[in-house]
Amino acid sequence: MSSSPTAPLSRQPLIGVFKGVPDPRDRRGVRHRLDTVLALAAVGVLAGCRTLLAIWEHARDLTGGQLRQLGLPQDRDIPSESTIGRALAGLDADDLDARIASWVLTRTGTIDGRRIIAVDGQDHARRQTQEQQQRRR
């Protein structure tokens with residue numbers, strides 16, 4: 001069995017999925033790309049944020065390198081809480097849900113009859129090592 005349960009074509013990062021989401025905002029006055037706003041929101045939610053304010057505060061605490069990885073240009077401020085809220089409010093939630101669900105499904109596999117999700121490409125190998133260590137005990 002290979003070290004990763006995902007096919008090479010499915011290894012697109014989540015931010016790549018966000019780039020395909022249609023932006024419902026009027027193009028005039030848009031300062032922040034939608035994929036960047038979605039990436040900041042996703043990272044905030046994954047970190048446990050439950051409100052727009054918490055997402056914004058979490059984004060404010062990210063390093064410059066982390067912000068660049070999420071698509072924010074070096075010379076640009078992070079989107080405000082209200083910008084994040086407006087961008088999320090105008091989205092087609094069903095479309096976004098379908099895109100993210102499809103992305104997650106490309107990262108699932110089965111090991112010993114159990115479904116696993118490999119988010120970073122290393123989960124499968126790490127899981128096998130942990131299982132081998134447990135068998136030795």
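The following legends describe close-up views of a predicted model.

In this predicted model, local features need pLDDT of at least 70 and side-chain atom pairs count only at pLDDT 80 or more, whereas totals for chains, interfaces and linings use all residues. Residues are numbered from 1 along each chain as its sequence is written, and side-chain values use heavy atoms, with hydrogens and water left out.

**View 1. Overall composition of the chain.**
The chain contains 7 helices and 2 strands; helices (H or I, at least four residues) and strands (E, at least two) are DSSP runs, numbered from the N terminus. Read from the N terminus, the order of elements is α-α-α-α-α-α-β-β-α. Of the 137 residues in the chain, 34% are buried; here buried means under 20% relative accessible area, exposed means over 50%, and partly exposed lies in between (1.4 Å probe, protein chains only). The chain exposes about 9,100 Å², of which carbon and sulfur atoms supply 50%. Accessible areas come from the Shrake-Rupley method with a 1.4 Å probe, and for residues only the protein chains shown count as cover. Among the contacts in the chain with a separation of 6 or more, 58% join residues 24 or more positions apart; a contact means heavy atoms within 4.5 Å.

**View 2. Packing of helix H2 against helix H5.**
Helix H2 (residues 34-46) packs with helix H5 (residues 81-89) at an angle of about 105°, and their axes are 10 Å apart. H2 is therefore roughly perpendicular to H5. Axes are lines fitted to C-alpha atoms, for helices over the stretch in contact, and angles run from 0 to 180 degrees between N-to-C directions. Angles under 35 degrees count as roughly parallel, over 145 as roughly antiparallel, 65 to 115 as roughly perpendicular and the rest as oblique. Leu34, Val37, Leu38 and Ala41 of H2 make the contact with Ile84, Ala87 and Leu88 of H5. Classified by residue type, the contact of H2 with H5 comprises 7 nonpolar, no polar and no charged residues. In this classification Ala, Val, Leu, Ile, Met, Phe, Trp, Tyr, Cys and Pro count as nonpolar, Asp, Glu, Lys and Arg as charged, and the others, Gly among them, as polar. Within H5, Thr83, Ile84, Gly85 and Ala87 are buried, and the elements covering the buried residues of H5 include H2 and H3.

**View 3. Crossing of helices H2 and H3.**
The axes of H2 and helix H3 (residues 52-61) come within 9 Å and cross at roughly 100°. These two helices, H2 and H3, are therefore roughly perpendicular to each other. On the H2 side, Leu40, Ala41, Val43, Gly44 and Val45 meet Ile55, His58 and Ala59 of H3. The contact of H2 with H3 has 6 nonpolar, 2 polar and no charged residues.

Thr36 belongs to helix H2 and is buried, with a relative accessible area of 2%. Apart from its neighbours within four places in sequence, Thr36 contacts Leu70, Gly71 and Leu72. Gly71 is located in the loop between H4 and H5 and counts as buried at 17% relative accessibility. Although Gly71 and Thr36 are 35 residues apart in sequence, their C-alpha atoms are 5.2 Å apart in space. Not counting residues up to four places away in sequence, Gly71 touches Ile15, Arg33 and Thr36. The loop between helix H4 (64-69) and H5 also holds Asp75, which counts as exposed at 72% relative accessibility.

Strand S1 (residues 108-111) and strand S2 (residues 114-117) pair in the antiparallel sense over 4 bridges; two strands pair if DSSP finds at least two bridges between them. Gly109 has Ile116 of S2 as its bridge partner, and Thr110 is bridged to Arg115 of S2. S1 and S2 form a hairpin with 2 residues between them. Asp112 lies in the loop between S1 and S2 and counts as exposed at 56% relative accessibility. Most residues other than glycine have a negative phi. Asp112, although not a glycine, has a positive phi of about 50°.
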